[in-house]
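Here's a quick tour for anyone meeting this structure for the first time. Have a look at the picture, then read on for the main points.

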Amino acid sequence: MLIYHFDNIWVKIYFLLHLWFANEGFCGFFGSEYVQNGKPIMTSNYNMSSTWFKRIKRGILTSTKEKKNVPDGLWFKCPGCKKTSTINEIRSSLWVCPNCNFHNRIDAAEYFEILFDDNQYELLFENILSRDMLGFVDLKPYKERLVDAQKQTGLKDAMTVGAGEIHGRKMVIACMNFSFIGGSMGSVVGEKISRGIDYAIEHKMPFMIISKSGGARMMESAFSLMQMAKTSAKLTLLAKAKLPYISFLTDPTTGGVTASYAMLGDLNIAEPGALIGFAGPRVIKETIKKDLPEGFQRSEFLLEHGFLDFIVDRKELKQKLADLLDYFKMN
Ligand SMILES: [Zn+2]
């Protein structure tokens with residue numbers, strides 16, 4: 001067994017030279033040229049050992065397109081296929097897994113960046129905040145929960161409304177944020193939709209809601225449930241103004257949101273694999289005492305059963321919307 005004794009100077013020199021040869025190759029070290037017409041010439045054992053370590057092609061040949069950014073030290077594990085990618089990779093593929101096409105949940109800021117031209121849009125009604133009307137306390141007081149959610153997410157509530165252009169076509173988009181108390185529909189969500197519709201009517205702009213919600217916000221009780229009727233009534237006014245309303249359902253769209261504005265679109269479209277339903281599959285299974293069919297309550301299942309107009313991949317969403325807006329304008 002070979003043991004290096006580093007306290008011996010000659011062993012140190014031998015060891016360093018060994019490393020040098022291994023890295024640079026003998027030909028590099030002695031300044032000899034062993035490459036002709038781009039092909040290595042191997043005439044002796046020394047030459048052969050040199051080609052193992054010598055860089056035959058000079059320079060970095062990876063094209064800019066293929067270059068991957070240096071990871072920020074952050075990795076992302078896909079919930080679908082469990083494959084790990086860097087944050088940069090997943091971000092550049094719009095938070096869709098490059099391996100299995102799993103659409104990860106994203107909030108309004110990311111959707112607006114994908115959809116609005118040059119990420120330019122006007123945020124509307126950011127001054128509306130929730131209030132604890134009922135003095136509601138579950139695991140912690142609702143007032144405290146709101147403050148915590150605002151601190152954690154940097155958002156005011158579970159709804160963000162923006163007005164901008166999609167390939168040059170004007171549009172108002174109301175997008176839910178699942179990270180804010182499960183995207184629950186409280187009075188702020190309803191009020192922002194309502195004012196968003198007013199804005200769309202006033203400026204004669206088409207309207208879209210991106211739904212992503214666990215349903216009504218129980219801490220607001222009846223104030224939350226009221227939003228279903230309020231938003232539905234407002235959407236009628238939008239229809240009377242002959243302005244299109246596109247409902248985009250993403251994972252998950254459930255409860256009172258499905259039972260109101262999410263299913264009222266002139267077009268109801270969805271992301272692939274999104275959970276869409278009123279009650280959850282477990283509740284239904286326990287109620288009907290039967291096993292549910294495979295893929296139950298996923299977008300593909302709903303499309304097959306006539307609940308959706310079509311499913312659109314996130315990467316094609318912007319172009320598809322631009323085409324739809326043109327279609328609505330012509331008709
Ligand atoms: Zn995946």
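This is a predicted model: local features need pLDDT of at least 70, side-chain atom pairs count only at pLDDT 80 or more; totals for chains, interfaces and linings use all residues.

The chain as a whole has 12 helices and 11 strands.

**The chain overall**

- Of the chain's 331 residues, 32% count as buried.
- Take the contacts in the chain with a separation of 6 or more: 64% of them are between residues 24 or more positions apart.

**Inside the sheet**

- Strands of a sheet pair through backbone hydrogen bonds, and they can do so parallel or antiparallel.

**A well-covered strand**

- Strand β8 (residues 207-213) is mostly covered, with 7 of its 7 residues buried.
- Both of its faces are covered: Phe-207, Ile-209, Ser-211 and Ser-213 are buried on one side, and Met-208, Ile-210 and Lys-212 on the other.

**The nonpolar core**

- In soluble globular proteins, nonpolar side chains tend to be buried together.
- The largest nonpolar core here has 54 residues, and the ones touching the most other members are Met-159, Ile-173, Phe-207, Met-208 and Ile-210.
- Strand β7 gives this core its largest share, 6 residues.
- Leaving out residues up to four places away in sequence, Met-159 touches Ala-174, Met-176, Val-188, Val-189, Lys-192 and Ile-193.

**Two helices side by side**

- Packed helices are described by the angle between their axes and the distance between the axes.
- Helix α7 (residues 187-203) packs with helix α8 (residues 221-240) at an angle of about 10°, and their axes are 8 Å apart.
- Angles under 35 degrees count as roughly parallel, so that is the label for α7 and α8.
- On the α7 side, the contact is made by Ser-187, Val-189, Gly-190, Ile-193, Ser-194, Ile-197, Ala-200 and Ile-201.
- On the α8 side, the residues involved include Phe-223, Gln-227, Lys-230, Leu-235 and Leu-238.
- Sorted by class, the contact of α7 with α8 has 9 nonpolar, 6 polar and 2 charged residues.

**A helix on the sheet**

- Helix α12 is where you'll find Ala-322.
- With 18 other C-beta atoms within 10 Å, Ala-322 is partly exposed.
- Setting aside its neighbours within four places in sequence, Ala-322 is in contact with Ile-166, His-167 and Arg-169.
- Ala-322 and Met-171 are 151 residues apart in sequence, yet 9.8 Å apart in space from C-alpha to C-alpha.

**A helix that is hardly covered**

- Helix α10 (residues 281-288) is hardly covered, as the count of buried residues among its 8 residues is 0.
- Lys-289 follows α10 and has a positive phi, near 55°.

- Most residues other than glycine have a negative phi, and most peptide bonds are trans.
- His-167 isn't a glycine, but its phi is positive, about 45°.
- You'll find His-167 in the loop between β6 and β7.
- How many other C-beta atoms lie within 10 Å of His-167? There are 14, which leaves His-167 partly exposed.
- Lys-204, also not a glycine, has a positive phi of about 50°.
- Lys-204 belongs to the loop between α7 and β8.
- Lys-204 is exposed, with 10 other C-beta atoms within 10 Å.
- The peptide bond from Asp-251 to Pro-252 is cis, with omega near -10°.
- Pro-252 itself lies in strand β9.

Methods. Residues are numbered from 1 along each chain as its sequence is written. Axes are lines fitted to C-alpha atoms, for helices over the stretch in contact, and angles run from 0 to 180 degrees between N-to-C directions. Helices (H or I, at least four residues) and strands (E, at least two) are DSSP runs, numbered from the N terminus. Angles under 35 degrees count as roughly parallel, over 145 as roughly antiparallel, 65 to 115 as roughly perpendicular and the rest as oblique. Two residues are in contact if their C-beta atoms, placed from the backbone, lie within 7 Å. Ala, Val, Leu, Ile, Met, Phe, Trp, Tyr, Cys and Pro count as nonpolar, Asp, Glu, Lys and Arg as charged, and the others, Gly among them, as polar. A nonpolar core is a set of buried Ala, Val, Leu, Ile, Met, Phe, Trp, Tyr and Cys residues joined through C-beta atoms within 7 Å. A residue is buried if 20 or more other C-beta atoms lie within 10 Å of its own, exposed if 12 or fewer, and partly exposed in between; C-beta atoms are placed from the backbone.
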